[in-house]
Amino acid sequence: MTDLPAALPPPARLTPADHELLLRLLDTPTAGPLETGDAGPAVSLWEAGRTYAAAAAQLGLRVLRHAPAEPGVLCGEDVPLIVREAARDETFLARQPSLVLCLGPRLPRRDTVMFNVHLDTVAGWWPAHFDGRRFTGRGAIDAKGPAVALLAGIRAARAAEPALGSRVGVLVQAVAGEEGGAMGTFGTRPLVEAGFIGGLNLFCEPTGHRFLPRSTASMTAVVRVEGEDAVDDRPEAGHNATVLLGYVSHHLARALPPRIRDGRVCVAGLHTGERHNRVYGTGRLLLNVSYGSRAAGEAAETALREALDEALAAFSAGAAGTRDLARTAADAARITSLQWAKRGLPALDGRGRAPWAEELLERRAGLARWPDEEPAFTCDAIWMAEVPDGYTAVFGPGDLDTNRAHAAGEYADLAELDRYADEIARLLVARVRHPPPGGGTAEETHTHRAAAPGAAEDRISAR
């Protein structure tokens with residue numbers, strides 16, 4: 001049985017001004033260069049951040065930071081290869097700032113609630129539309145709609161509980177770099193490392209209004225064949241990467257998933273060439289493997305290497321007697337390598353970490369919990385995995401599939417956004433009225449940096 005906070009009269013709802021804010025954000029293209037490529041439309045994340053911050057200022061939230069990450073954050077081996085390669089362009093980070101907003105003074109982490117929402121989107125933009133019931137546009141559910149509903153919830157919570165912003169503070173991270181395979185490495189991660197976090201941390205992603213204290217990470221492997229081409233009249237003279245990688249992909253798709261105890265396997269991205277009249281000696285195969293813990297990720301790496309070795313041995317044994325494939329069979333192990341485009345990322349599993357927080361969300365705020373038996377998904381919440389003394393969950397309206405996130409026709413229904421705003425208000429009011437056990441702590445007040453050294457600041461006030 002839930003123990004809901006005092007009623008919030010009336011229930012939190014998005015206002016016409018909120019509707020206009022969401023339409024404006026939806027009409028601002030914020031897909032980054034990892035999504036759109038060099039030829040894509042210019043990313044307008046600076047404009048989107050300023051628009052969002054101006055609306056938040058009306059509620060009393062002030063800007064602590066509006067700046068891109070420093071280039072040094074992309075030097076680690078756990079930064080996806082696609083990001084490291086893109087960052088060779090010195091303008092890459094400069095076009096993708098992240099925003100941090102604060103309600104109230106800089107309170108200790110224990111007395112702060114942090115919300116993370118991303119303003120970047122996947123590629124594929126079309127004019128925003130609202131018919132009075134449904135918003136359509138890129139980012140409607142992932143995650144500009146939740147970002148606007150979040151502000152509506154904060155507004156309602158402040159009206160119901162004046163101590164919000166004095167006894168309990170609120171941080172809002174509105175980040176870049178969630179989409180495009182960036183995995184939060186230049187958006188959420190540096191903000192977490194700079195201390196812009198709370199004792200309770202909620203990542204606004206579509207979860208069907210259920211809070212999910214888990215987030216998987218993923219690794220991307222590249223199986224590469226580097227042999228010699230041959231003319232179609234003499235296929236036996238070269239290495240047939242097409243046949244070899246085709247065999248390897250089939251073997252891995254069957255043999256690898258049963259060995260991944262805490263994640264899923266996606267075999268994809270097979271490429272050797274476009275022509276029919278030559279034997280391609282080079283090619284690559286991509287695999288994505290998700291996992292729920294660092295240990296599970298390391299085990300998955302080992303399983304993949306073993307399965308690949310088995311595939312190569314089986315191919316060599318089976319194709320050795322085939323004239324056109326004999327050279328490929330003999331050299332398969334030598335010309336095939338396993339490389340990594342992404343690995344070593346953390347995964348979040350906060351179940352049981354902070355019983356007070358789960359009681360707050362379930363009993364005090366009346367929120368439903370994501371079932372333990374239902375698989376989690378990947379988002380920027382992974383960067384809270386190794387942060388001590390706090391609780392993190394993913395929580396938002398809608399569903400990635402149903403609401404067509406990452407697809408044409410993405411939408412968010414007003415009723416769902418209104419419901420989410422009310423849920424945000426309830427949990428914030430509950431947090432003010434039901435603090436964690438143990439009273440005060442010796443933890444020092446946050447000393448957030450306004451911006452990383454050398455980064456551009458962008459101070460914003462209400463207009």
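Modeller: Happy to. A salt bridge here is a side-chain nitrogen of Lys or Arg within 4 Å of a carboxyl oxygen of Asp or Glu. Please keep in mind that this is a predicted model, in which local features need pLDDT of at least 70 and side-chain atom pairs count only at pLDDT 80 or more, while totals for chains, interfaces and linings use all residues. Residues are numbered from 1 along each chain as its sequence is written, and side-chain values use heavy atoms, leaving out hydrogens and water.

Colleague: What makes arginine 133 and aspartate 413 a salt bridge?

Modeller: Their N to O distance is 3.9 Å, and the limit is 4 Å, so the pair qualifies. Arginine 133 sits in the loop between β4 (129-130) and β5 (134-136), and aspartate 413 is in strand β19 (residues 411-413), 280 residues apart. Helices (H or I, at least four residues) and strands (E, at least two) are DSSP runs, numbered from the N terminus.

Colleague: Why is aspartate 413 called buried, and why does arginine 133 count as partly exposed?

Modeller: Buried means under 20% relative accessible area, exposed over 50%, and partly exposed in between (1.4 Å probe, protein chains only). Aspartate 413 has 16%, so it is buried. Arginine 133 has 49%, so it counts as partly exposed.

Colleague: How many salt bridges does this rule give, and which residues do shared partners join into one network?

Modeller: The count comes to 29. Glutamate 358 and arginine 369 form one of them, at 3.0 Å from N to O. Glutamate 358 belongs to helix α10 (residues 355-364) and arginine 369 to strand β17, eleven residues apart. Through shared partners, Asp349, Arg351, Glu358, Arg369 and Asp372 form one network.

Colleague: What does arginine 210 do with its charged end?

Modeller: That end sits over the ring of tryptophan 370, 4.2 Å from its centre. The label applies if NZ of Lys or CZ of Arg is within 6 Å of the ring centre and within 35 degrees of the ring normal. Arginine 210 also meets glutamate 374 in a salt bridge of 3.1 Å, N to O.

Colleague: Why is the pair of phenylalanine 92 and phenylalanine 186 called edge-to-face?

Modeller: Rings of Phe, Tyr and Trp (its six-membered ring) pair if their centres lie within 6.5 Å; planes under 30 degrees apart count as stacked, over 60 as edge-to-face and the rest as tilted. Here the centres are 5.3 Å apart and the planes are at 75°, so the pair is edge-to-face. Tyrosine 247 and phenylalanine 315 get that label too, because their centres are 5.6 Å apart and their planes are at 65°.

Colleague: How do you know that cysteine 102 is in no disulfide?

Modeller: A disulfide needs a pair of cysteine sulfur atoms within 2.5 Å. The nearest cysteine sulfur to that of cysteine 102 belongs to cysteine 204, and it is 16 Å away. For cysteine 204, the nearest is that of cysteine 379, at 10 Å. The search of the whole structure finds zero disulfides.

Colleague: And what makes a nonpolar core?

Modeller: It is a set of buried Ala, Val, Leu, Ile, Met, Phe, Trp, Tyr and Cys residues joined through side-chain atoms within 4.5 Å. The largest one has 78 residues, and Phe186 and Leu428 are among those with the most contacts inside it. Helix α11 (residues 414-433) provides the largest share of this core, eleven residues. A second, separate core of 59 residues includes Met114 and Phe315.
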